[in-house]
Each structure stands twice: as C-alpha cells, then as structure tokens.
Amino acid sequence: MRAVLTWRDKAEHCINDIAFKPDGTQLILAAGSRLLVYDTSDGTLLQPLKGHKDTVYCVAYAKDGLWSPEQKSVSKHKSSSKIICCSWTNDGQYLALGMFNGIISIRNKNGEEKVKIERPGGSLSPIWSICWNPSREERNDILAVADWGQKVSFYQLSGKQIGKDRALNFDPCCISYFTKGEYILLGGSDKQVSLFTKDGVRLGTVGEQNSWVWTCQAKPDSNYVVVGCQDGTISFYQLIFSTVHGLYKDRYAYRDSMTDVIVQHLITEQKVRIKCKELVKKIAIYRNRLAIQLPEKILIYELYSEDLSDMHYRVKEKIIKKFECNLLVVCANHIILCQEKRLQCLSFSGVKEREWQMESLIRYIKVIGGPPGREGLLVGLKNGQILKIFVDNLFAIVLLKQATAVRCLDMSASRKKLAVVDENDTCLVYDIDTKELLFQEPNANSVAWNTQCEDMLCFSGGGYLNIKASTFPVHRQKLQGFVVGYNGSKIFCLHVFSISAVEVPQSAPMYQYLDRKLFKEAYQIACLGVTDTDWRELAMEALEGLDFETAKKAFIRVQDLRYLELISSIEDFLGSGDPKETKMLITKQADWARNIKEPKAAVEMYISAGEHVKAIEICGDHGWVDMLIDIARKLDKAEREPLLLCATYLKKLDSPGYAAETYLKMGDLKSLVQLHVETQRWDEAFALGEKHPEFKDDIYMPYAQWLAENDRFEEAQKAFHKAGRQREAVQVLEQLTNNAVAESRFNDAAYYYWMLSMQCLDIAQDPAQKDTMLGKFYHFQRLAELYHGYHAIHRHTEDPFSVHRPETLFNISRFLLHSLPKDTPSGISKVKILFTLAKQSKALGAYRLARHAYDKLRGLYIPARFQKSIELGTLTIRAKPFHDSEELVPLCYRCSTNNPLLNNLGNVCINCRQPFIFSASSYDVLHLVEFYLEEGITDEEAISLIDLEVLRPKRDDRQLEIANNSSQILRLVETKDSIGDEDPFTAKLSFEQGGSEFVPVVVSRLVLRSMSRRDVLIKRWPPPLRWQYFRSLLPDASITMCPSCFQMFHSEDYELLVLQHGCCPYCRRCKDDPGP
C-alpha cells in the first residue's frame, strides 16, 4: 500500500469535522466558526460559508432530509453522560452513541436504549469515535469503537464483542471505514493516519502530519482519503494498492484483504485461504513451497503430500527477522531476496549462504527449475544484461547482453531459446548457444514459452494475444491483460487483480505447419488441443501427403474406422511401392465410393489423389459451399482450371463472397469486377475501381443504368459522369431539369441547371468543344439563377403562408424583372413576378413602382384566381402618392449613385454601368466591386501580392483639451501624416459621369499590394475560365461566398440557411464537404 499526496491546504482554525458530497465532487469541512467547501479534484476552495457565531464541531451532507416528514418536530432524549460521537446503522434503524463516561448506548429510531456497552476503562476511557461497518456482505452489523484508553474494539448490534481489544499506543480522535468496509482509517495523537484491516490489524501509514489528526474520511466509491488536523491542515491522499502475487505453472498465490494469501489451482479452480493476520508484503511459490513475507518475519509453507492436486499447506519454517527487499523468490531449500542490485540466498533457517552483486538494477527474476538445492535463476537487468545463476554457485553466467532494459524473460523448455521483452515493448527471441537473434515482434508487454512444445511461445500487448509457432507469422486474437504462463493449450492471463486460464485452440499454428507439409510437427501441435474438424483435416492432409503414420494417428483420434481400413489396405498393397500407384489406388477407391453413393467420402479421396476437378464437380452438384471454398483455399493459384470451376459453382450457389475470394486468388480481376456488378455489390466494385482505374467503365456504366432503373436519377447522372459518359450524364440532367420545371420544383430545377453548367465547364477543357460548351455554361448559369429566385415567388403565390420577408420578395421580383430574357424560360410566370412586385412595392412604400407593375399586368393574360386581387390593387394604388420610398432605392457602391427601382438597363448602374452583385438569399445589392488584373499579372501573382498586406499609416487624430474657469473644450486635431491617406483602390473607381460604355476597374501590382486579404473575394473558376476578383467596400459587413457555386451571401444569412438545411441553399454542398 502506498499513499500519494494529491493536494494540501491550510485553514486558520482546527479542522473539527469533514464530510463529502454523496457523489464525491465536493468536500465540506468545519474550521472554527466557518464551513469551507473544496473541489476534491484539485483542492480549489470553492466558497467559505458563514453563519455560525461559535465553533462548528460537526458537518454532514443531507441524503434524504433531516427528519421524517411525518414528524412535526425533532424528538429529544436525555443521556447519562456527554455524547462525544454517534453513528447510524446502514439501514438507519439504530443509532450508536459514544459517551464521555466510556459507555456505548445503542438506541432505536424512537430513542429507546436497546443495548448498553460498558468499556473496561470507564470514565478513564472516553468513547471518542465510533463507526458502523458499511459493508452489505457482513451477516451482522459491526460497530468499530475507538476510545482514549488507546484501544480499538468491535461489537455486534447485540452488544457482543468480536475478538479482543487491539492496543493502539495513541489516543484515537477519529475512526472511519475505507471503501466498502474492507479497511479502517484511524488518526489521533500520533499525528498520522493509519490504515487497519476491518479486524484491527495495522497495515501502514497513510500520511504523517505536524499535529493531532482530528478527522479523516474516505471519498465515496474511490481510493482517496482526506485528513484534517488540529493546526488547520487539510491533506488529500490517494491510496494505491499494489498486486502482491506469485505464479508457478498452474498454481497462483495472491494477497487478499492485505492479510490473507489465497492459493488457486488454475486447472481445477480449487482455492485455499491462508490467514496471516498481518500485512502480507511479498509472496513466492515454487513447486511444493510457498513463502510469505510479513513485516517482521518470513513464513515458509509446504504441501502435505506430493499429489499434484493437493491444496493443503502447512508451515515448514519461520524466519523471525525483518527483511527489506524488492522481490522474493523461493526454491526447494532456499529463499532469494532481491534488493536493488544485490541478490541474497538464505537458508530456511535464515542463514545467509551466498550473495551476488550485479552491475545494474535487477528488473526481473525467475526460477527456471533444477535439482533441489541447485536450482537455476534467470535474471534480467536494467542495462540489458541477462544472467543465469545457480543457487549453489557464487559465479553468475552471462547469457547475453542487449542494448535495451529488460522487462520480462522466459526460457524455452529445452533451455535452448530465450525470449525477452524490453522497455520498447519489443519481444526478442535469441538462440542461447549462438547468441543469434532469431526474430522479434512489436507490441509486447509479457512473454511465455509453451512448457509442452519447444517451438511455441505467446506474448500479449495492446489488447491482443499473439501466438507464434517456429518462424511462422504470428496468429493474433483479442485478449485483455498480461500473459504469465503457457501450458499446452492453456494460457494463463493476469487481468487487473485476478488470473484466469484461457483455453486457446491450437488450430492456427497447426495449419501453419500443414501448409508446409510438416505433418509430424503439426501432429505435435494438435496434441496440445484442437477440434475434431482440425484432427480430420490433419488426417486428410497427411493421407494426401502419403504420411500414413501421422494419418493413422489422426484418424484414430476421430475414430474413423473406414479410413483406417483404407490406409491399412493401401499399406498392405503397396508396402514401400511407388507413390503414383498409391494415388491411382486412392482414385479407384474414390470412384467406388462415388458409385455406391458416398459422395463426401469420394470428395475426400479425390482430393487425396489430387483429382480436384472431380471433387469440385461433386461438391458443386450437391451444393456443398463449405467444401468448395475449402478446396479453393488449398489449391495453388497456378491451378486455374479447378479454381475457375470453383468460382463458377460458388457464383451459381449464391455465394458471391467466396467466389470473389477465389477470383482474387487467381488474380482474375476482370471476372471479379463482373461478379460484383452482376451481384450488385457496388461498394466492393468501387473499391476495386479505385485501385484499378482501367475497370471504371465496366463498373460505373452498369451502376448508372441500375440507378436509373431504380429511379435514382441524380446518382445515375453522377455515375455516368464518373464513367466519362458525358452525353448520357447531360441527358439525364436535362431530363431531371425538365421534370422539375414541369412539376413546379423550381429549386430542384435551379440545382440541376447549375450541375449542367458545371458539367459543360468540365467538358469545355477540351479545346475542340471550348466555345460551344462555354456558351452553354453561361446560359445554364443564368437559368439556374432565374429558377433559384423564382422558386420563392412561386411559393409566395401558391402557398397560404410565406417564409420570406417582404423586402426579400421585393428584391427577387426586381431582380427577375430586370434579368428575364425576351423568351421567358419555361415554367416562369411573368404574371406572378409582377403581381408579387406590385403587392410588395405597395406594402413597402414603392407606390410608383407598384403603379408600373399593375399597369404591366393589364396587358397580360391573368389567371382567374389573381383577377380580383389585381383589380382591387389597381384601384387602391391610385390613392397612394406618386413616388417611391427613398429607403428602397439601390445604391451603386462604385460611383455612389442612387439607381431607380425600375432600371431600363437591367441589373447595372445607370451611371457607371457597373454590374450589381446580389446576395443569393436576400437579393440585396452587395457592397462588392469587381476588378480585373492588368495585363501580365497572373492569378498566382495576384494572390501572393494580396497576401502581403503591407502596413498602412495609421490615422493620428489627437485630442486637444482647452480649459478655463467656466468650461472645458475638447477638439480633435488631425495631424499632417493623416492628410492624403487615400486607398489606391478607391482612386481607381473614378470614371466619366454618364458614360455610355462600361469601364472596368483594372488594378496594378501596387494596388494589389495595398489590398487586405479579408476584403477580397475570389471566384476560383476551373480552366478555361479566368478567376474573378471582388473588393468589399464595407469590410465590417461580412460576406460569405460558397466555395462550390461561388454565390455570395450575407454571412449571417448563410450560416442560418446552412444550419436549417445542412448545406448551401444554392448548390447543396454539405458544410463538411471540401470545395472544388
């Protein structure tokens, strides 16, 4: 047991009492007249609580209230003496009171005294602290009592004392149970907190203090302890209990309850408990010996008999002496003590016989057997040295020296190989005689050789068990814990504080030997433990390899008399004849079995004779999928005919996974692709297409057709595009677009037109189609913008409730009216646009524009459902003023000209002809101006110049304060450095007033350097288009551009729309998808 100080603090007054919050997150303590609340995780003082005028002696957290709701007041009862402490039983039915006169009174909930216990010391032994054991496993309620007669004692609820009083040699001030009643915490005048067993045996010190300990408590459901002292010190400790144990073959000894030793037989699961009644410090076990180190002595036990299953131990010797050691090892006649770099060999009488001094710290020690009194020890050092020591020899033998420190060691059964786990978690295996490194494996924390097989070992690490046979690849399976032993097919694993025997079939290493036709070695492995199926497989493989001896042994295991008779007849017939005649005989035997309708026996015989095609035909005709895949896995990849036949049958028998495995073994990728396509296993087909692009056409064309047949047209279009079938991809998109328009799904139509435009741009990279495709690109982009805006107009006129604000509908109507070509696109109604414009203009105060819209509507055919509303609007608008609200007038951010709401030039400024940039959600005019690069400036150079961001001179406005008797005047004085501070880009915005031609803004390198990267938005179009550059003239108003469709939005609008839809409202790009 080890105590680690987690945190410490000091209060101004004595700590009288401590209580934990039930969940353990907070700690409240009484210090003087104040209550202090701490965070238990780091010792932070959360808050001091005031309210008491005098000293607070007791604190507690309420769990279920102060008293019963049925009681109107708290009942009071007199006692014969001053009450110092009290404690409720677990069920809350009885209350124990400790009194100053040495009496313990146990009362029920009504206050009636049921039991009275008088301590021998009387008034000279005040009962200073009591506590009921919280364990629910105890049959009786047990009360622990600490009195100032310097004793601790235990009583049942009936008042009967359990055991004898335990002397303390100090005045106890506090007693409490630790964890779930397994241990006791005691503190007092000895200025420390000690840990005791629940029976009162002292185990060790939790923490030494500078003054009396008045209170100590354990944190609920944890291994933390808090201590409060007379001088105001609060200390928070973590108790760490180390595992004390020992293992020898199938016997495992470990410490329990700190004072007991349990010996467990891992095979029979028998257990025996040895009660030591003192703290168990070390345990060692070897053959029939068991050594237990206690604080002041070492006990050596032996078995009563030589019976391997005997579990009865008796004391053989006692060494009454205190020893300090890191490791303890026991042999037949000696004990070995390890302390840092020194090993000491002692006889059972305690006499030191030998001592070895090492060059470095000893990290690992193990007894590897030998005659009694001459056992060998395997020792690993921190400097990488590995030694063998015999207990009767003063000289150590260096086996080998490696560069890294040793963590774990084991030696093979024949003492020829050594396995080492080093500090880098690497398992290294050496030949002891030649010192050669045979192999190494990573991710190991412990290693063990199989005691029954020379060439098998296992090691654990990273949550896996690894079994290695000879030089074959490692077989891995999941396992939690550390491997500590390997006996036959059983692996002993230590997990947390318990060890278990795991039965591991040895099938994997057996098959590794079979693959190399090493039948005798495979038989040895099978003897360790494999299934009947594995035995039969071994027998058939040995028979096929003409190893009749091994085959007979294996068939005897599965009791197959028919095959034993066959082998016997073969041996009689051939003696030591030619193997070809053996195969011929087996083939004839298989034909005979087939004729007498024993197909399974015939298959096995045909395989033994190497007639794989006949065996496959029988399996395929009978639908034996398992046998087919077994045959396919055993065949060499060069045997294409039988493998192809296997794959064909597996495909017919609806086992595409096995057929795919067979094709993969053959390396026939084209057939594998066809299989995936025929069985519609598209994920596997796509994965194969990624690795082998030459098969993409064979995958995506059928996939696209399958999608189209299942009405998944959008996915089909993407598949056609991936397959390079642009014509089919465009056709699908055009059909989707036409359907969306016909069904009035204008948002879908806008999306499809945008996809069409991007595909046209992709095709335009071909120089032969560049001009045609670019024309289509711009046409489809315009249609996408129109349908995207018209979707809101259509919803407004058709749905009873509108989801758009009036200002948005007003802006969209104006945008569409200015953008519509002479031939109105299919599905777009000019009546709905003008009706919406008129309605929203009137609502927002644009009465002149509303008049114009109603006048235009008079010249159009109006559906009957709009007729009444339009006629009423035409009449009511005449009562309104003949002007528009100035708040609605759009502003050109280039020339600062107010533009009319109805613009004959379209969506451009009437003064400078600069095209307006609209938000794709609210359709406001954005504060952006497009600019172009001077000749000779590439896009890459422009980006690098903008990213430079040269420092601009700051405006130096200074305050001048003038004061007189009656007033104070504050003036802002502009210094000369700030005069003439003009943005070079702003100077470029100048133009001739009223010019009929649009003059674009062309910037030089100097202007680019002056720009800030956050003020510039760039549409990075793929070739053959050039990039487009936009400068924000109001940097504080944030604008967001979608990286996929390059549409602009006010940042707040864009974030809201993405949260609502999970994607861009225009191109439907998911927020987590990367841009193009």
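Me: Which residues of β23 point one way, and which the other way?
Reply: In this predicted model, Asp260, Ile262 and Gln264 point one way from β23 while Val261, Val263 and His265 point the other way, and all are buried. Buried means under 20% relative accessible area, exposed means over 50%, and partly exposed is in between, with a 1.4 Å probe and protein chains only. Strands (E, at least two residues) and helices (H or I, at least four) are DSSP runs, numbered from the N terminus.

Me: Before we go on, what should I know about the numbering and the model?
Reply: Residues are numbered from 1 along each chain as its sequence is written, and side-chain values use heavy atoms, with hydrogens and water left out. As this is a predicted model, local features need pLDDT of at least 70 and side-chain atom pairs count only at pLDDT 80 or more, whereas totals for chains, interfaces and linings use all residues.

Me: Which strands does β23 pair with, and in what sense?
Reply: β23 pairs with strand β22 (residues 251-256) in the antiparallel sense over 6 bridges, and with strand β24 (residues 271-275), again antiparallel, over 5 bridges. Two strands are said to pair if DSSP finds at least two bridges between them.

Me: Changing topic, where is Asn288, and is it buried or exposed?
Reply: Asn288 sits in the loop between β25 (282-286) and β26 (289-294), and it is buried, with a relative accessible area of 19%. If neighbours within four places in sequence are left aside, Asn288 is in contact (heavy atoms within 4.5 Å) with Tyr301, Glu302, Leu303, Glu306 and Tyr313.

Me: And what about Ser414?
Reply: Ser414 is found in the loop between β37 (406-411) and β38 (417-422), where it is partly exposed, with a relative accessible area of 35%. Its C-alpha atom is separated by 9.3 Å from that of Cys453, which is 39 residues apart from Ser414 along the chain.

Me: How many residues are in the largest nonpolar core?
Reply: The largest nonpolar core has 63 residues, and those with the most contacts inside it are Trp754, Tyr787, Leu816, Leu928, Met1048 and Cys1064. Such a core is a set of buried Ala, Val, Leu, Ile, Met, Phe, Trp, Tyr and Cys residues joined through side-chain atoms within 4.5 Å.

Me: Which element gives the largest share of this core?
Reply: The largest share, 13 residues, comes from α17.

Me: What does Tyr787 touch?
Reply: Not counting residues up to four places away in sequence, Tyr787 touches Val741, Phe746, Ala749, Ala750, Tyr753, Pro825, Ser826 and Ile828. Another core, of 49 residues, lies apart from the largest one, and Val280, Trp356, Ile362 and Val367 are among its members.

Me: How many aromatic pairs are there?
Reply: The count comes to 31 aromatic pairs, where rings of Phe, Tyr and Trp (its six-membered ring) pair if their centres lie within 6.5 Å, and planes under 30 degrees apart count as stacked, over 60 as edge-to-face and the rest as tilted. The rings of Phe815 and Phe918 have their centres 5.1 Å apart and their planes at 70°, so this pair is edge-to-face.

Me: Where do those two sit in the chain?
Reply: Phe815 is in helix α19 and Phe918 is in the loop between α22 (864-876) and β48 (928-933), so to speak of the pair is to speak of distant parts of the chain, 103 residues apart. Both Phe815 and Phe918 are buried.
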